[in-house]
Amino acid sequence: MSTWITLAYLLAAVCFILGLRFLSSPKTARRGNLVAAAGMGIALVATAVQITDNWFFVILGVVVGSVVGVAGARLVKMTAMPQMVALFNGVGGGAAALIATSDYLLTAGGQGPGILIPVVFSAVVGSISFAGSMVAFTKLQEWMTGRPITYPGQQVVNGLIALAILGIAVYLMVTGSVPAFYIAMVLLALVLGVAFVLPIGGADMPVVISLLNAFTGLAAAATGFVLGNTVLIVAGALVGASGTLLTLLMSRAMGRSIANVLFSAFGSAPAGGAAAALGADGGTVRSGTADDIAALLAYARTVVIVPGYGLAVAQAQHSVRELADQLEKRGVEVKYAIHPVAGRMPGHMNVLLAEANVPYEQLKEMDEINPELERTDVALVVGANDTTNPAAKDTPSSPIYGMPIIEVDKAGNVVVLKRSMAAGFAGVDNPLYFNPKTTMLFGDAKKSLNDLVSAVKNV
């Protein structure tokens, strides 16, 4: 039996690796999900057959988990996907911490360093991931402000908490069983998780979610050592490595270091910067009608559509695809410019557009599309604010200065679909809206796009 269990775990690990490989491209992402899910199913069955008692709880866990998973997949809207990812990620970290805590308390912490080290690591990192993910969920759900929450000496306090956790961990390694100190360590880790995410603004949430995902993976891998479960070690290591790599890539795409993302309290600066100053100096906002903009689009040679979170909020992905179809019927070349951190989680826009069956070859990454924008007749910005803000490259005093953006201001004409002139999720004003080449179409993105579709048909 043990040989078959080992082979099953090996097959599950291969499925996880292949799943990650397929997830690297929108074209194969659906297949990657199915392969990874099959691997998880194999791992669950292989683990379950090793259990000789408590079958009731095993079945209960599988049923509850399956119901929640199916409900999440079917009922949660695409706009709420970042929150769901943060929530599920937190649950994973919490589960790792609970398993480690149960093992420590049941064995009186007397297993020796080979087990005690991963127990403590899993408990601390899992608790930080759980608490931090819950704060991220609350911010994304807008149950609390998305702006950084700071206070004087915050980083010093966080540092002291981290040192206290480290000190207790070392003490437990030396003394073994001291349940009161262990519980204190876990509680401090929960506090640190909250304190760690509070000063991080909404614009940095994609990076934070990715980092917390890596934390959960590492905690799960450590739990695998505690339980002696090979597939948990492999899966946790894969999640930890891929999450870390994604975090680094996203930070690089924002033109900022990990330390700057985590400790700069980005977005806490008051709004009213470059854009407000431009408005005060005589800059004006030009708004247009759907008929005016439809004519501009219909007679263009090339149109680049830049989607943002506003597109997701309005559930307008099918409308933007319909508009693109109408333009292509008139011979217009249409492409989509995807910023690495557009939306509120990694790959948010890719998934959204894939749902509307937008051809994969039309999706262009930032570095690929930027050189083409100077030759683009119209850049159509749908709900994207921070990722198109020219202050990032033109205004050294701007909080987002240095962040790579989709350079829509280089296009011949810019059309922005937006509800109002309010600042984006980062809380930074956008001088693009005062650019003489920019025409604003105010209103709900889905309604505006549907109006454009009708107007283009009548041009």
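The structure is a predicted model, in which local features need pLDDT of at least 70, side-chain atom pairs count only at pLDDT 80 or more, and totals for chains, interfaces and linings use all residues. Residues are numbered from 1 along each chain as its sequence is written, and side-chain values use heavy atoms, with hydrogens and water left out.

**Exercise 1.** Determine how helix α6 is oriented relative to helix α7, and which classes of residue make up their contact.

Solution. Begin with the geometry: α6 (residues 154-175) and α7 (residues 179-197) pack at an angle of about 155 degrees, and their axes are 9 Å apart. Because angles over 145 degrees count as roughly antiparallel, α6 is roughly antiparallel to α7. Next, look at the contact, which means heavy atoms within 4.5 Å: residues of α6 including Ile161, Ile165 and Leu172 meet residues of α7, among them Phe181, Leu188 and Phe196. Sorted by class, the contact has 18 nonpolar, one polar and no charged residues, where Ala, Val, Leu, Ile, Met, Phe, Trp, Tyr, Cys and Pro count as nonpolar, Asp, Glu, Lys and Arg as charged, and the others, Gly among them, as polar.

**Exercise 2.** Decide whether Glu142 is buried or exposed, and do likewise for Gln315.

Solution. Then apply the cut-offs for relative accessible area (buried under 20%, exposed over 50%, partly exposed in between; 1.4 Å probe, protein chains only). Glu142, at 55% relative accessibility, counts as exposed. Gln315 sits in the loop between α13 (309-313) and α14 (317-329), and its phi, near 55 degrees, is also positive in a residue other than glycine. With a relative accessible area of 27%, Gln315 is partly exposed.

Note on methods. Axes fitted to C-alpha atoms, helices over the stretch in contact; angles between N-to-C directions. Helix = DSSP H or I, 4+ residues; strand = E, 2+ residues; numbered from the N terminus. Parallel < 35°, antiparallel > 145°, perpendicular 65-115°, else oblique.
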